[in-house]
Amino acid sequence: MMNENKLINLYEKIMNIPKKHTAIQLYNNKMMYVEVCLDILEFDENSIRLEIAESYVTITGFDLQFRNYNKNGIQIKGNIHSITFEDK
C-alpha cells in the first residue's frame with residue numbers, strides 16, 4: 001500500500017506535467033474558458049491576446065474582462081465578437 005507522502009509526491013508530479021493541448025469552452029458570446037493559458041500577452045477592454053499550448057489566440061469584442069487566471073486556465077467575460085488563432 002502506498003504511503004501518504006508517496007501519494008502526495010505522485011499527485012504533484014502529475015499536476016506539473018506540461019499540457020500540450022488547449023480546450024476552449026464558449027458560453028454564447030458572453031463568456032469563455034480557456035484551459036492551459038500560458039500567458040496573457042495583451043489586454044484591453046476590446047482585445048485579449050493569449051499564449052496557449054501550441055499557438056496564440058486573440059479574443060476581440062467589447063467590455064472584455066478576465067478572471068480566475070491561473071496555471072489551469074482563464075475565464076473571459078464580455079461581449080465576444082471573434083476568436084482568432086495564430087501559429088507560434
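In which loop does Asn-28 lie? In this predicted model, Asn-28 is found in the loop between strand 1 and strand 2, where its backbone adopts a positive phi of about 55 degrees although the residue is not a glycine. Most residues other than glycine have a negative phi. With a relative accessibility of 69%, Asn-28 counts as exposed. A positive phi of about 55 degrees is also computed for Asn-68, again not a glycine, but this residue lies within strand 5; Asn-68 is exposed as well, its relative accessible area being 53%.

The chain as a whole comprises one helix and six strands, which follow one another along the sequence in the pattern α-β-β-β-β-β-β. Its radius of gyration is 16 Å, whereas a compact globule of 88 residues would have a value near 12 Å, and the C-alpha atoms fill a box of roughly 55 × 25 × 20 Å along the principal axes. Of the 88 residues, 25% count as buried. Among the contacts between residues at least 6 apart in sequence, 44% join residues that are at least 24 apart.

The six strands form an open sheet in the order 1-2-6-5-4-3, with antiparallel pairing. Because strand 1 (24-27) and strand 3 (37-44) stand at the edges and each has a single partner strand, one side of each is left without a neighbour in the sheet. From one strand to the next, the twist averages 40 degrees. Within this arrangement, strand 6 is joined to strand 2 by five bridges, the two running antiparallel, and Met-31 stands opposite Lys-77 of strand 6. Strand 6 is also joined to strand 5, through 12 bridges and likewise in antiparallel orientation. Strands 5 and 6 form a hairpin with two residues between them, and Asn-70 has Gly-73, in strand 6, as its bridge partner.

The largest nonpolar core consists of 12 residues, namely Met-32, Val-34, Cys-37, Ile-48, Leu-50, Ile-52, Val-57, Ile-59, Leu-64, Ile-74, Ile-76 and Ile-80. At least two residues of this core are supplied by each of strand 2 (31-35), strand 4 (47-52), strand 5 (55-70) and strand 6 (73-87).

Conventions
Residues are numbered from 1 along each chain as its sequence is written. This is a predicted model: local features need pLDDT of at least 70, side-chain atom pairs count only at pLDDT 80 or more; totals for chains, interfaces and linings use all residues. Side-chain values use heavy atoms; hydrogens and water are left out. A nonpolar core is a set of buried Ala, Val, Leu, Ile, Met, Phe, Trp, Tyr and Cys residues joined through side-chain atoms within 4.5 Å. Buried means under 20% relative accessible area, exposed over 50%, partly exposed in between (1.4 Å probe, protein chains only). Helices (H or I, at least four residues) and strands (E, at least two) are DSSP runs, numbered from the N terminus. Two strands pair if DSSP finds at least two bridges between them. Axes are lines fitted to C-alpha atoms, for helices over the stretch in contact, and angles run from 0 to 180 degrees between N-to-C directions. The radius of gyration is taken over C-alpha atoms; the globule rule is 2.2 Å times the number of residues to the power 0.38. Contact means heavy atoms within 4.5 Å.
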